[in-house]
Amino acid sequence: MKYTIFLLLILTSATSFSQKNYVEGFIILKNQKDTLKGKIDDQNWSINPTKVNFINIENTLLTYEIGSLKSFGVKNQESYIIDKVDLDVTPVQSSELLRENRLIIKKDTLLALLVYLQSENSLLYFKDKQSKEHFFYKNDIQISELINQKFLLKRGDKFFEYNNKVYQKQLDSLFTTCTKTIQTNSITYDKNSIVDKFIEYNDCIGCNYSCYFKKKDDNNILTIGFTTGINFEGKTLFHKDYFENVDLKNKYASPSFLVGINASIALKRNLNRNSILFETYYFNDNVQNQFKDYNASFSYLNFTTLIRRQFGSYKSFYPFFGAGANIKFLLSSQKALFEVDKISPHLVLELGAKRGNILISTRLKSGPAGKNDIIYEYRKAAEVIDEIKYNKVTFQFSLTYVFYNRNKSF
């Protein structure tokens, strides 16, 4: 128990590391035209930010409220423009819909708008604190929101949810400058549907892929690595010989070398902060008593699944911790087995650090209460019994080299 508490304290202290993620980026200050290059704290904003951290070429850390910026972005990934817009804050959640056909507009709202498509008619995006999505189109004159209006309409004694799809009418009006008809009645209020129509429209008016950029799609990050390490499993060997009236007990811990392979998946552009690890590794456990007159060898295959949380860089190191489960499966034994638990489950806590393609980690594995990983071996028609009992809590140190990484910035 004391080891578990100790590791939990270490994991808790890991949260004190700054969760910053500085990557190449840029800012443009308000009322200026020059682009300032440096490193921006990319927080993979699920809700559009209200301030950004920036390290300039003099290596000075500065924090900017969006009111002091004209634009900012992450190099080769995404950019934001800052402007005041009329924001539709009408509820869209079914439980909060208005019981009348009315819009609630918040005038002159300062926002950082994510650029999905930049051209003569740009497509912008904003997600508010209520997780409501907003799409805007920008031309030389103004920025206008595409309105997705939902409300409750009373029919008889009941209210029914209704969507008048104002955005379709807005797009229909915008697309009239195209020489061909662009269908708008099938457009849904989501990124893929609206972006595709904007590309079709810009192509129609003479702007092809060479004159605008489209925000890159975020990809899942897949890594595959080779793992090696040392497994420390404390165990107790009980030797009972009924003919000679011998009953010996020998506690010890012996290291076992492990080798394996693992794969991790981090969901779309969360900067590898949250990932799922799948790992399988093999080790051979040699057991002998203190007199070295008893020896046995057991081969195990392990399957581990972990959820990892990675923190920001600390002197080029990225600390992380994880939690999950491990299944240890007995493959083979030198000796004839009388009784054996071939499958042994464990809970796993992990603490480690990453630098480049190298990961170093230490793990604490604990068997569930009431479950003992015990092997019974018999010789001489069961008059001599050797019982090997593994400790509930074991340790493991491992080194992983990532030889495949879908994300080159790893």
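Begin by selecting G206, which lies just after helix α3 and takes a positive phi of about 100 degrees. Helices here are DSSP runs of H or I of at least four residues, strands are runs of E of at least two, and both are numbered from the N terminus. The model is a predicted one, in which local features need pLDDT of at least 70 and side-chain atom pairs count only at pLDDT 80 or more, while totals for chains, interfaces and linings use all residues. Residues are numbered from 1 along each chain as its sequence is written, and side-chain values use heavy atoms, with hydrogens and water left out.

**Helix α3**

Next, select residues 191–204, the 14 residues of α3. From first C-alpha to last, α3 reaches 20 Å, close to the 20 Å expected at 1.5 Å a residue; the expected span is 1.5 Å times one less than the number of residues. At the N-terminal end, display D190, which caps α3 with a side-chain oxygen 3.3 Å from the backbone nitrogen of N192.

Colour S193, I194, V195, K197, F198, I199, Y201 and N202, the buried residues of α3. Buried means under 20% relative accessible area, exposed over 50%, and partly exposed in between, with a 1.4 Å probe and protein chains only.

**The nonpolar cores**

Which residues touch the most other members of the largest nonpolar core? They are L69, F72, L123, F135, L146, I194 and F198, in a core of 35 residues. The largest share of this core, 5 residues, comes from α3. A nonpolar core is a set of buried Ala, Val, Leu, Ile, Met, Phe, Trp, Tyr and Cys residues joined through side-chain atoms within 4.5 Å.

Centre the view on F198. Leaving aside residues up to four places away in sequence, F198 touches L117, N121, S122, L123, Y137, L146, L171 and L174; contact means heavy atoms within 4.5 Å. A second, separate core of 11 residues can then be located through V287, F298, L330 and Y390, which are among its members.

**Aromatic pairs**

A search of the whole structure finds 14 aromatic pairs. Rings of Phe, Tyr and Trp (its six-membered ring) pair if their centres lie within 6.5 Å; planes under 30 degrees apart count as stacked, over 60 as edge-to-face and the rest as tilted.

Select Y116 and Y125, a tilted pair at 5.2 Å centre to centre with 50 degrees between the planes. Both Y116 and Y125 are buried. Proceed to F135 and Y189, an edge-to-face pair with centres 5.1 Å apart and planes at 80 degrees. This pair links distant parts of the chain, 54 residues apart: F135 is in strand β9 (residues 133–138), and Y189 is in the loop between α2 (166–174) and α3. F135 and Y189 are both buried.

**N148**

Now move to N148, in the loop between β10 (143–146) and β11 (150–155). Is N148 buried or exposed? N148 counts as buried because its relative accessibility is 14%. Beyond residues up to four places away in sequence, N148 touches D88, V92, N163, Y167 and Y189.

**The whole chain**

Of its 410 residues, 43% count as buried. Among contacts between residues at least 6 apart in sequence, 59% join residues at least 24 apart.

Definitions and conventions:
Polar contact = N/O pair within 3.5 Å; in protein donor to acceptor, adjacent residues only side chain to side chain.
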